[in-house]
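Visitor: I would like to go through the terms used for this structure and hear what each one rests on. Please set values against cut-offs where a label needs one.

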Amino acid sequence: MTETGVKADDSRIVGTQGRPAVRALVVDDSGFFRRRVCEILNDDPDIEVVGSACNGLEAVEQTAQLHPDVITMDIEMPVLDGISAVRRIMASHPTPILMLSSLTYEGARATLDALNAGALDFLPKRLEDIARNREDANRVLRARVHALGCRRPRVHTAAPAPVRTRHAVCATRVARRPQAVVIGTSTGGPAALQRLLPALREGYPFPLLLVQHMPASFTGAFAERLDQLCTIRVKEAEDGEPVLPATAYLAPGGRQMLAERRTGGVVRLRVTDSRPEVTYRPSVDVCFASAARVWPGGVLGIVLTGMGVDGREGARLLKAGGSQVWVQDEPSCVVYGMPQAVVGAGLADWILPLDEIGLGLARQL
Amino acid sequence: MADTEDDILQDFLVEAGELLEQLGEQLVELEHRPQDKELLNAVFRGFHTVKGGAGFLNLTPLVEICHHAEDVFNLLRQGERTVDAALMDTVLRVLDTVNAMFAEVRAGRAPTPAGAELLAELAYFSTVPSGRQTPSSSATPEAVDAPAAPEAANAPNAPAAEVAVDTISDAEFESLLDDLYGTERAPGAASPPAEAPARHPVPTTEKGAGTPAAKAGGGPTTGSADTTVRVDTRRLDEIMNLVGELVLVRNRLETLKATIPDGEIAKAVANLGLVTADLQTAVMKTRMQPVRKVFGRFPRVVRDLARSLNKEVRLEMMGEETDLDKNLVEALADPLVHLVRNAVDHGIEPPDVREAAGKPRAGTVVLCAAQEGDHILLTIEDDGAGMDPGQLRKKAVEKGLMDAEAVARLSDHDTFHLIFTPGFSTKSEISDISGRGVGLDVVKTRIAQLNGSIEVDSRKGVGSTLRIKVPLTLAILPTLMVALGRQIFALPLASVSEIFDLDVRRTNVVDGQEVVLTRGCALPLFSLHRWLVRDEAQVSVESRPVVVVHVGNRRIGFVVDRLVGQEEVVIKPLGALVQGLPGLAGATITGDGKIALILDVPSLLKTYAHRR
């Protein structure tokens, strides 16, 4: 695994291997699935499954009893469903929760409900849908559980050397008025976007391109939900559509979204198949890179919470063209991975709490 | 703990098997309570969970059909569609298809995809009836979705005129990637996949490549649901076999004990006897399954049959929690299904006929299981038309099964048992539902093979009752040991109904058959000695023991030389040399260390009774 790998990234969040194992609670009404998830997690020496529950009510009780560091939660369960369980757990014993959901439209809606109720992240139950093979899939599950489990108690790692504080940035940079805003995010992104975008008023002067790492079947439902929450228009991007102000375009899962300037100066979106060498579909890097070409020096690139390093190379191109890059700060991130990668490469103009990013965006008016 | 793909598959088969059984019951229940939200939720979850497991194992056809069913029940549970007969028919067919796929998986084959027609029907039911709001894509199948949907989403959305003009060229994308990752592109290519769906479905071969799951010594899965251990039935059979051997040793010791007048040894042997008996019961219990396993399918059987015959039938089940040996549960399934179908098809009258006879329109079939000592009694009772002994007699003569005179001599009770005669069918036209005239005699044979018996009783216009008696277990057989000359034979105790001493002078010969009158009935007598023992002259005495056995509705007397006693024996298969000899069920070792042959009464009679 390279330095860009999930694991390498994890260890930075975690600190060292010397830490006690992450204690996980596995919740699923299917014994088959419980056993599979337990097996996969127990395979990781840094994770210990401390309990399992076969319905939401048991999950609430076990959480109170065992105080796990992280919970994997099924949605469809008898007695008490997963979403209600998340709500109760977050009310009584707030714990990082990873939803395991199905990749259906219904599954997407339920998952988004769970995220609203306080769950931090989700993965499809069919893990193969997000990986090339079983082992990779298992690795992803372990990495996510580990990452979430390490959030409590929070580890504040020493920030890499040249961290510019917000004020330092303020003093040295004069923000140029951008032509477009491009936002990239992963784990924790749905909640972050739902907090950020409703702050933007009708008649917002720029278009927004959103890249949220998400499976194909989720982005449609997510765009619908954002649209309901926001005054600006939010839609899943369609191939060939013109990029309009006061509209946010969510990159469809499983594909790549690029901005493209046509003859005559019209900027349109391209939604296209990916290439095998691009890890993420949609990829923040790809979208950032296309924006850097289309609006040289006129992009506001924002990297929000998420695992991995997607966005760093795109941010490099944005910066090279004279555009601005903001990242979400560590305390407000679910996973301070992608923002940290940008910061670590010295590409961030601003490191801001989520709410201030919202204010900053709104102020661009 | 599952270590290999095979263990994972087994784990799935166990869980999904149970879920599918439950689904069968729940769906029938749903017809009576179509609005029950909890029930709809439970059915939804049933399909959902089976789909989940199937997805884990890449059983795509199974995933697909379960997914569609899940969609239908999602609408139902949200009240956007209601249960009607057509929907139920489709859903039940879906369950059949799922069961068929499941059976294929169990047999180690890839499941056959469901027919397009059935999927289309399901798709129809998974869309909201017109006039209601449609959630945009609730019918997208998940399994196919991830790879397929992007293409679908891509094509028609852009304004048609512009699609052709300038699409982003490969070269442009490439140059973007060059910008991003340099011409080497190492980081992108080498970083592990984390978030986005894989474009290419996982090749199935990779799946089999052995995942080193749970090497870490298994997880402390503490949930209340996980207190059971899955054990291969072959292992249980092995244990049962060993216990059987132990029983033999105990029997041997008990015999030896009689020859050694030592109080201490006697005590120890008695203790051993108690412990062995307890162990035997305990091991037997591990193999026990509730009879619900078989009963569970009957609501569906009765429902389907009643629907196709336009009858109204209520099924009552009692004693479903009665336990019996797993092998018996499986062996009883087919005969019971046959008998229940028979009760609905031949027993229960059409609603109008019932009404005219002053009965409620809906007929009732009662299925009951109860333990009686070391036996299980299964009863199938209907309140239908009952059987007409006169009609049965007529039929037997018409079919040439018996002559008029013989039939007339039969008691009404015996007449009912004619239905178990090969080639006997009471319905004038053969329906495709039950009975092609081969059924009931096969049922009887099967039950006899299980050392069980079947009894029938009926009252015209009131209904019929069938009683099946089977031993709790097949592994240990209570027998009556008899001696013929110097040889010992064992008769299954289940078929023995009485023993008496025969005064040789009181026998008569009727029709060339030796008989004796007992309680006013002529009992055919056969000498086992003549059949089974060679070159040994029978000592002529005036009085001999007769063992009366019942085979179906017939009672027969076996004349033996001496009664040895009752003994529990363990059946050992016969060696290759004598394998398949008619009349012998196996062999066992007696308490005094000798070998005794176990007689198979039905086959014995079939082979010898007609030779004079």
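**Labels and their grounds**

Guide: The model is predicted. In chain B, E4(B) and E5(B) make a hairpin that leaves 2 residues between the strands, and Gly373(B) in the turn has a positive phi of about 60°.

Visitor: In what sense does E4(B) pair with strand E2 of chain B?

Guide: Strand E2 (residues 313-318) and strand E4 (residues 363-372) of chain B run parallel, over 6 bridges. Met318(B) has Cys368(B) of E4(B) opposite.

Visitor: Which strands are the edge strands of the open sheet of 6 strands in chain B?

Guide: The order of that sheet is E10-E14-E15-E13-E12-E11 (chain B), and its pairing is mixed. Strand E10 (496-503) and strand E11 (508-510) of chain B are the edges, as each pairs on one side only. Neighbouring strands of the sheet are turned by 40° against each other on average, direction ignored. E11(B) is joined to strand E12 (residues 513-518) of chain B by 3 bridges, and the two run antiparallel. There, Asn508(B) faces Val515(B) in E12(B).

Visitor: Why is Asp325(B) called buried?

Guide: Buried requires under 20% relative accessible area. Asp325(B) has 1%, so the label is buried. Asp325(B) lies in strand E3 (residues 323-325) of chain B. Beyond four places in sequence, Asp325(B) touches Arg287(B), Met288(B), Leu472(B) and Thr473(B).

Visitor: Why does Pro350(B) count as partly exposed?

Guide: The cut-offs are under 20% for buried and over 50% for exposed, with partly exposed in between. Pro350(B) has 39% relative accessibility, so the label is partly exposed. Pro350(B) is in the loop between helix H15 (326-347) and helix H16 (351-356) of chain B.

Visitor: Why is the pair of Phe122(A) and Phe218(A) called stacked?

Guide: A pair of aromatic rings is described by the distance of the centres and the angle of the planes. Rings pair if their centres lie within 6.5 Å, and planes under 30 degrees apart count as stacked. For Phe122(A) and Phe218(A) the centres are 4.8 Å apart and the planes at 0°, so the pair is stacked. Phe122(A) lies in strand E5 (residues 121-124) of chain A and Phe218(A) in helix H9 (residues 216-229) of chain A, so the pair ties together parts 96 residues apart in sequence. Phe122(A), at 8% relative accessibility, counts as buried, and Phe218(A), at 0%, is buried too.

Visitor: What makes the pair of Phe47(B) and Phe73(B) stacked?

Guide: The centres of these rings, Phe47(B) and Phe73(B), are 6.0 Å apart and the planes are at 25°, so the pair is stacked. Phe47(B) is in helix H2 (residues 37-56) and Phe73(B) in helix H3 (residues 60-77) of chain B, 26 residues apart. Both Phe47(B) and Phe73(B) are buried.

Visitor: Which residues do ring pairs link into a cluster?

Guide: The cluster consists of Phe32(A), Phe33(A), Phe12(B), Phe56(B) and Phe102(B).

Visitor: How do you know that the charged end of Lys125(A) sits over the ring of Phe33(A)?

Guide: The distance limit is within 6 Å of the ring centre, and the charge must also be within 35 degrees of the ring normal. The charged end of Lys125(A) is 4.5 Å from the centre of the Phe33(A) ring and sits over that ring. Arg275(A) likewise has its charged end over the ring of Phe173(B), 4.0 Å from the centre.

Visitor: Which residues have the most contacts inside the largest nonpolar core?

Guide: They are Leu41(A), Leu141(A), Phe12(B), Leu27(B), Ile65(B) and Phe73(B), in a core of 71 residues. Helix H4 (residues 85-106) of chain B gives the largest share, 10 residues.

Notes:
Residues numbered from 1 in each chain as written. Chains lettered and ligands numbered in written order. Predicted model: local features only at pLDDT ≥ 70, side-chain atom pairs only at ≥ 80, totals over all residues. Heavy atoms only, no water. Pairing = 2+ DSSP bridges. Helix = DSSP H or I, 4+ residues; strand = E, 2+ residues; numbered from the N terminus. Axes fitted to C-alpha atoms, helices over the stretch in contact; angles between N-to-C directions. Buried < 20%, exposed > 50% of the residue type's maximum accessible area, 1.4 Å probe, protein only. Contact = heavy atoms within 4.5 Å. Core = buried A, V, L, I, M, F, W, Y, C linked by side-chain atoms within 4.5 Å. Phe/Tyr/Trp six-rings, centres within 6.5 Å; stacked < 30°, edge-to-face > 60°.
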